[in-house]
Amino acid sequence: MGSMGQAGLRLSESARAASAHESRFRIDAPIAPARTARIVALDDRAAGVAHRLAARRWAGARFYTAVSTETLHRLDGTPVPLDGVIARTDVVVVLATEDRGHRVAAAIGAVCRRRGITTAGVVLGEGYEAGEAVAALRPYARVLLLSADESDAVELLTALRV
């Protein structure tokens, strides 16, 4: 039930929220971005998505491709240890389009769980192509998005303040 405004008119919730009286409760400070986000592509098609995502403007995101359960590559091909990538990270987002990287997904999820790092998974394409990747991520990912639309990955990264 909205409150009565001037001359007995009933104000909508939106109008009440915009009023001077309610503005004292508004938080005007911008939402701080995640300090360190790591996005890991598990397969070749996911690596293509990672390259396109990396071309966008992000606050503190770094992008990698999976090589093994212990080694990742930066997008320029430089090898880096998985443990070093995840150290001092706030959120790890795993991208998959097929099952090939399901062991790496499980390894990333296990390390993140031990360290209390938020893990999210984005599985793009048809679900049957990446069923093992989904199963590997399910126990660890707080967010697990299955989509045929690459733009959903952009939306998820934006929502995570990457």
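Contact is defined here as heavy atoms within 4.5 Å. By this criterion, residues 24 or more positions apart account for 63% of the contacts in the protein chain with a separation of 6 or more. The model is predicted: local features need pLDDT of at least 70, side-chain atom pairs count only at pLDDT 80 or more, and totals for chains, interfaces and linings use all residues. Residues are numbered from 1 along each chain as its sequence is written, and side-chain values use heavy atoms, without hydrogens or water.

Seven helices and seven strands make up the secondary structure of the protein chain. These are DSSP runs, numbered from the N terminus (helices: H or I, at least four residues; strands: E, at least two). Along the sequence the pattern reads α-α-β-α-β-β-β-α-β-α-β-α-β-α.

Of the 162 residues, 40% count as buried, meaning under 20% relative accessible area with a 1.4 Å probe, protein chains only. The accessible surface (Shrake-Rupley, 1.4 Å probe) comes to about 9400 Å². Carbon and sulfur atoms hold 51% of this surface.

A nonpolar core is a set of buried Ala, Val, Leu, Ile, Met, Phe, Trp, Tyr and Cys residues joined through side-chain atoms within 4.5 Å. The largest has 24 residues. Val40, Leu42, Leu72, Ile86, Val92, Val94 and Ile108 touch the most other members. At least two residues each come from α4 (82–86), β5 (91–96), α5 (102–115) and α6 (131–137). The largest share, six residues, is supplied by α5. Beyond its neighbours within four places in sequence, Ile108 contacts Val40, Leu82, Ile86, Val92 and Val94. A second, separate core has 22 residues, including Leu53, Val93, Val154 and Val162.

Methods. Buried < 20%, exposed > 50% of the residue type's maximum accessible area, 1.4 Å probe, protein only.
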